[in-house]
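Please read the points below beside the coordinates, as notes from one colleague to another on charged side chains.

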Amino acid sequence: MPPPPQAYLVKDLYQKKREEAERRREEEERKRREFHSRPVPNFNAHHQLMEKRKPAHAFTVAVTPKVLKKSKEAEEKRRQRLEEWKQKNQPPKFESRPPTVLKEKPFVPEKKPLVIQQCPFKLHTEKRLAERKHYDEAKHKALEEKRKQEEEERKRREEERIRELRKAATFKARPNPFRH
């Protein structure tokens, strides 16, 4: 009768380990389900730490634009003038400015001679075409060189092989046929 496979010999050991792992897993799950109260936090220590720390408050300070500042100043001046007029009980006097616009010459746009100077332009595609052509030529030369070297190497190996075959084919007298 042939001996049983090695796996059957250690079957009991595997079974024990499996049962042990299962028992451990059940124990861990039971411990996790148990209630564990957390200790009361130490508030005094926490408050002391908070007092030692410097507060890093970040306040955004609004920056009033100059336009608004100027308009506020103008509004204040206008209110002051109105208050003065109310105190004097006189309405503001209206004084018109002289019509200087009527005496000035109207704006006439000038037509200046516009000369456009033409200059030749170079397209980037032409430069790329030249670079690509140069690259292709270099690549073609490299491939050609590699092909020639491989061909020479192949011919050299072929000649070497032929030389070896001829050398092996030449008849040599061997006095002892049992020796090589």
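The points that follow concern salt bridges and surface charge.

1. This is a predicted model, in which local features need pLDDT of at least 70 and side-chain atom pairs count only at pLDDT 80 or more, while totals for chains, interfaces and linings use all residues. Residues are numbered from 1 along each chain as its sequence is written, and side-chain values use heavy atoms, with hydrogens and water left out.

2. The whole structure holds 16 salt bridges (a side-chain nitrogen of Lys or Arg within 4 Å of a carboxyl oxygen of Asp or Glu).

3. One of these joins Glu22 to Arg25, with the closest N and O atoms 2.7 Å apart; both residues lie in helix 2 (residues 11–33), three residues apart, helices being DSSP runs of H or I with at least four residues. Glu22 is partly exposed at 37% relative accessibility, as is Arg25 at 44% (partly exposed lies between buried, under 20% relative accessible area, and exposed, over 50%, with a 1.4 Å probe and protein chains only).

4. In helix 4, Arg78 and Glu75 are separated by about one helical turn because they are three residues apart, and their salt bridge has its closest N and O atoms 2.8 Å apart. Both belong to a network of salt bridges that links Glu75, Glu76, Arg78 and Arg79.

5. Lys66, Lys69, Lys70, Lys77 and Arg81 gather in a surface patch of positive charge (residues with over 30% relative accessible area and no salt bridge, like charges being joined within 9 Å). Lys66, in helix 4 (residues 66–88), counts as exposed at 68% relative accessibility.

Methods: Patch = residues over 30% accessible without salt bridge, like charges linked within 9 Å, V, L, I, M, F, W, Y side chains within 5 Å. Areas by Shrake-Rupley, 256 points an atom, 1.4 Å probe, with all protein chains shown as cover. Lys, Arg positive; Asp, Glu negative; His and termini not counted. Charge placed at Lys NZ, Arg CZ, Asp CG, Glu CD. Helix = DSSP H or I, 4+ residues; strand = E, 2+ residues; numbered from the N terminus.
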